[in-house]
Structures are given as structure tokens and as C-alpha cells.
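User: I would like to go through this model with you. Could you set out the terms as we go along?

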Amino acid sequence: MGKVIPKQEGLDHSVDFLREGYLFVANRRKSFQSDLFETRLLGERVICLGGEDAASLFYVADKFTRQDAAPKRLLKTLFGEDGVQTLDGTAHTHRKRMFMSLMTKENIDRLLRLTGREWKRIKQTEELVLYDVAQQVLMKAVCEWAGVPLARDEVAKRTDEMRLLFESGTSLGLTYLQGRKARSSAEAWIRQMVKEVRSNQLLPNEQTALYEFSWHRDESGELLPEEVVAVEVLNILRPTVAISVYVLFTVLALHQFPEEAEQVKQGQVTKTAFVQEVRRFYPFFPVAAARVKTDFDWEGYTFTEGTLTLLDLYGTNHDSSIWAEPDLFVPSRFTDWKESPFNFIPQGGGDVDFGHRCAGEHVTIAILEQVIELFTEEFSYTVPPQDLSYSFVDMPSLPKSKLRLTDVK
Ligand code: HEM
């Protein structure tokens with residue numbers, strides 16, 4: 001007889017998930033004193049996992065599938081359909097290689113030159129809202145990086161669409177509908193470009209996402225359908241614009257933790273360590289989702305085929321068996337940090353080439369290091385009194401004021 005997975009009884013706990021947000025899994029891990037438990041969400045049985053060992057299980061390729069794992073409402077907004085997130089096995093590794101081919105040092109440096117240029121174009125101003133400004137900076141830079149022409153009069157509209165894609169997935173009502181509209185509109189926009197690339201009317205450079213994805217051949221040697229290319233190009237544009245959320249948390253941390261900010265200014269801790277602590281400390285992506293591929297046993301517990309399984313990303317980054325004083329912001333903890341593929345997972349865990357770990361982790365870190373450099377060495381600004389609190393329920397979570405800065409020079 002195997003062990004019984006601790007179970008939260010009751011018909012459905014989706015309301016608890018909405019109410020407790022980022023803390024939902026961690027709260028129950030604590031009360032069950034267990035790294036796994038069973039609950040019911042959106043009408044189905046779900047296993048929730050957290051911690052380093054559970055993360056290493058979640059990323060064993062042949063135990064889980066990503067098919068039908070993400071809720072439909074996320075596919076219709078955040079992810080798009082038939083993208084890399086939904087693939088398994090060789091189809092996945094082949095597609096993932098297409099993404100990773102863009103993530104060379106030279107290519108990431110090229111993106112940093114573009115973001116650096118856009119940041120420096122910000123005019124002296126009495127007041128700005130950093131969330132809005134960062135999104136336009138990132139959008140202009142990533143479109144140029146990706147070979148996607150972005151007309152000046154379209155910047156606001158297209159940036160807003162990217163924002164809606166990552167803001168609307170967990171919303172209800174109007175925002176969700178706006179998110180679906182943003183997805184159709186953004187996909188149609190990129191699809192038209194894919195047509196033009198394939199008919200030689202548009203000639204993006206090699207090593208851009210638009211070029212490489214438009215001409216990518218799948219594992220059977222076929223070009224990808226236009227709509228899939230559009231979904232994948234948006235898998236570059238959207239998350240890069242979403243780095244704006246971390247830009248806010250980075251600048252918030254510089255403000256909220258002046259001693260730690262001073263350490264980074266004085267070179268006592270590296271910019272990388274500060275960025276890693278931002279990614280560990282603040283909430284962003286709550287969980288990753290997969291389904292059990294075929295029955296298996298783990299530590300005496302039985303996982304049955306088809307069971308939806310969630311890995312707690314936020315909770316694992318705040319797990320006290322991995323992190324000393326996890327609820328304190330301490331960038332220096334990353335100075336001698338022994339990272340494993342499963343103990344620090346703000347953007348997923350495991351192997352980036354063969355698993356579903358985020359393709360853009362290095363891009364994210366590099367962009368945020370640049371933000372620290374600019375906001376500590378190049379810009380001067382004031383953070384006026386405002387509501388800087390952030391929620392543990394809203395997804396994504398943001399400082400309420402979206403970070404108003406004044407006297408920006
Ligand atoms: C804003 C910061 C970011 C966060 C918090 C983030 C988070 C994540 C997470 C949690 C996953 C899923 C991991 C899993 O399913 O196991 C993921 C996957 C992915 N991310 Fe990111 N990401 C970010 C930035 C980026 C950037 C900048 C790019 C591209 C330039 C990117 C491209 C991708 C892709 C293509 C995948 C799918 C990987 C796969 O399924 O194999 N992300 N990301």
C-alpha cells in the first residue's frame with residue numbers, strides 16, 4: 001500500500017486560490033506539513049507540489065505532459081495556442097532550440113544596446129509612471145531586436161496589447177475580453193509580417209525572431225503554420241514587455257531597501273546578486289502546470305495519469321528549507337549561492353534546452369542589471385509619497401501606484 005496524499009476536502013477550492021493567490025500552495029504545505037497535497041481547482045482534482053525535491057520531480061520529462069495543462073483562458077490570452085509551452089518530447093526540444101538559437105551572448109548584447117538606447121531617450125520630466133515608460137522602452141527595443149517593424153504611431157497600441165496579454169489571463173469580465181481581443185489583434189499583426197517575409201516583401205535580418213521563426217523547419221522538415229509563427233514571435237515580445245513588472249520591483253527595492261541599494265552602488269554586492277534577490281523575493285509567476293503522463297510512484301505516493309499538477313514557483317523561492325530567512329530581502333545571500341536547477345525557480349526549473357524552463361531568463365537578468373546601472377548611476381529621480389504596496393493576490397502583482405517618479409533627469 002502506498003502512502004495517501006494529504007487532501008484538502010471539499011468540492012472546489014478555486015475561491016481559496018483567488019483569495020490567497022501566491023500563498024495558496026505554501027499555506028497548505030505548511031498546514032499539511034507536506035511538500036505535496038491534493039485539492040480541487042476549477043472542478044478537477046489537482047496535486048500541488050513545492051520545494052526542491054518536488055521541483056526535481058516536476059521536471060522529469062517522461063513523467064509529465066504539457067498537453068491540456070494550461071487552462072484554456074490562459075491559452076486564449078497569455079500564451080496563445082500551439083506554442084512551445086504546450087509541446088512535449090522531440091517536438092518540444094526541436095522548437096525550444098529555435099528559441100535558444102537567439103539567446104547567444106552577442107544577440108543578448110544587441111538587445112541591451114537597444115534597451116539602453118531607449119532608456120536614454122527618456123526626456124527630463126517632472127513626473128512619469130515607470131510601469132508605462134518601461135513598457136514602451138522594452139517594446140520598442142524588443143521589436144527592433146525581433147525584426148518586427150513598429151511604426152511610431154503604433155507604439156502605444158501594440159504595447160498596450162502586450163500588457164493586456166500578460167495582465168488579463170487571470171482576470172474576469174471586461175479585462176479578460178480585452179485580453180482576448182488583444183491576442184487576436186496582435187496575432188493578426190504578426191501573421192501579416194510572416195506572409196510578407198515568406199514572399200520576400202519584408203526582409204528582417206538573420207538572428208531576429210521574425211526571420212528565424214518564419215523560416216524554421218519543424219522536426220519533419222515543414223515550415224510552421226503562420227499562426228504558430230505569430231504565437232512564437234509573441235512569445236518573445238510579450239514576456240520582454242512583461243519584464244516591466246520586474247523593472248518596477250527592482251526600482252522599488254532600490255528605494256525600499258536603501259542599505260542594500262548602497263551595497264550594490266559600492267560594489268559590495270554585485271548587480272547580478274541584487275537582481276536574483278528581486279526575482280526571488282517579489283511575486284510574479286505563481287505556479288507552473290503539467291499533467292501526469294502515465295501512472296508512477298514517488299516517495300510512496302501514487303500519481304495517476306491525467307492528474308493536473310501544479311508546482312509552486314513563488315513558494316519554492318520562499319521555502320525555509322532552502323532559504324535562510326526567506327521573507328527578508330538580502331541580495332548578499334546570492335554571493336556564495338549554490339544554485340541547483342530546482343532550488344531557485346522564479347522562471348521555472350530544470351534544464352532550459354530540454355525542459356520548459358524559461359527561454360528568456362538570461363535576457364531578463366541582463367535587462368534588470370542594466371536597469372540597476374541606469375537607476376543608480378545615470379538617472380536622478382525622486383520617489384514621491386504614493387501607495388507602493390503590492391498584493392499577494394493580483395496576478396501579476398505590482399506596486400499599486402505603478403511607481404510614480406518625479407524630477408527625472
Ligand atoms: C518577465 C520575466 C519573465 C518571467 C517571470 C518568466 C517566467 C516564465 C515561466 C514561469 C515559464 C514556464 C516555466 C515552466 O513551465 O516550467 C516561462 C517559460 C517561457 N518563457 Fe519566460 N519569463 C520571463 C521572461 C521571458 C522572456 C524575456 C522571454 C523571451 C525573450 C521568455 C520566453 C519564454 C518562453 C519561450 C517560455 C516557454 C519555454 C518552454 O515551454 O519550453 N520569458 N517563463
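Analyst: Helices (H or I, at least four residues) and strands (E, at least two) are DSSP runs, numbered from the N terminus. This is a predicted model, in which local features need pLDDT of at least 70 and side-chain atom pairs count only at pLDDT 80 or more, while totals for chains, interfaces and linings use all residues. Residues are numbered from 1 along each chain as its sequence is written, and side-chain values use heavy atoms, with hydrogens and water left out.

User: Where is T406 placed?

Analyst: T406 belongs to strand β9, which covers residues 404-408.

User: Is T406 buried or exposed?

Analyst: T406 has a relative accessible area of 13%, so it counts as buried (under 20% relative accessible area, with exposed over 50% and partly exposed in between, using a 1.4 Å probe and protein chains only).

User: And which residues is T406 in contact with?

Analyst: Contact means heavy atoms within 4.5 Å. Leaving aside neighbours within four places in sequence, T406 is in contact with E126, E127, Y381, T382 and P384.

User: Let us turn to E167. Which helix holds E167?

Analyst: E167 is found in helix α8, residues 155-167. Its relative accessibility is 16%, so E167 counts as buried. Beyond its neighbours within four places in sequence, E167 is in contact with Y131, M395, P396 and L398.

User: How far apart are the C-alpha atoms of E167 and P396?

Analyst: They are separated by 6.4 Å, although the two residues are 229 residues apart along the chain. P396 is placed in the loop between α15 and β9. The peptide bond leading from M395 to P396 is cis, with omega near -5°.

User: What covers the buried residues of α6?

Analyst: The cover includes α7, α11 and α15. The buried residues of α6 include N107, T115, E118 and W119.

User: At what angle do α11 and α15 pack?

Analyst: Helix α11 (residues 226-256) and helix α15 (residues 361-378) pack at about 40°, with their axes 10 Å apart. Axes are lines fitted to C-alpha atoms, for helices over the stretch in contact, and angles run from 0 to 180 degrees between N-to-C directions. That angle makes α11 oblique to α15; angles under 35 degrees count as roughly parallel, over 145 as roughly antiparallel, 65 to 115 as roughly perpendicular and the rest as oblique.

User: Which residues meet there, in α11 and α15?

Analyst: From α11 come T240, I243, Y246, V247, T250, V251 and L254, and they meet V363, T364, I367, L368, V371, I372, F375 and T376 in α15. The residues of this contact divide into eleven nonpolar, four polar and no charged. Here Ala, Val, Leu, Ile, Met, Phe, Trp, Tyr, Cys and Pro count as nonpolar, Asp, Glu, Lys and Arg as charged, and the others, Gly among them, as polar.

User: One last topic: what is the phi of Q33?

Analyst: Phi of Q33 is near 50°, a positive value in a residue other than glycine. Q33 lies in the loop between α2 (24-32) and β1 (36-41), and at 69% relative accessibility Q33 counts as exposed.
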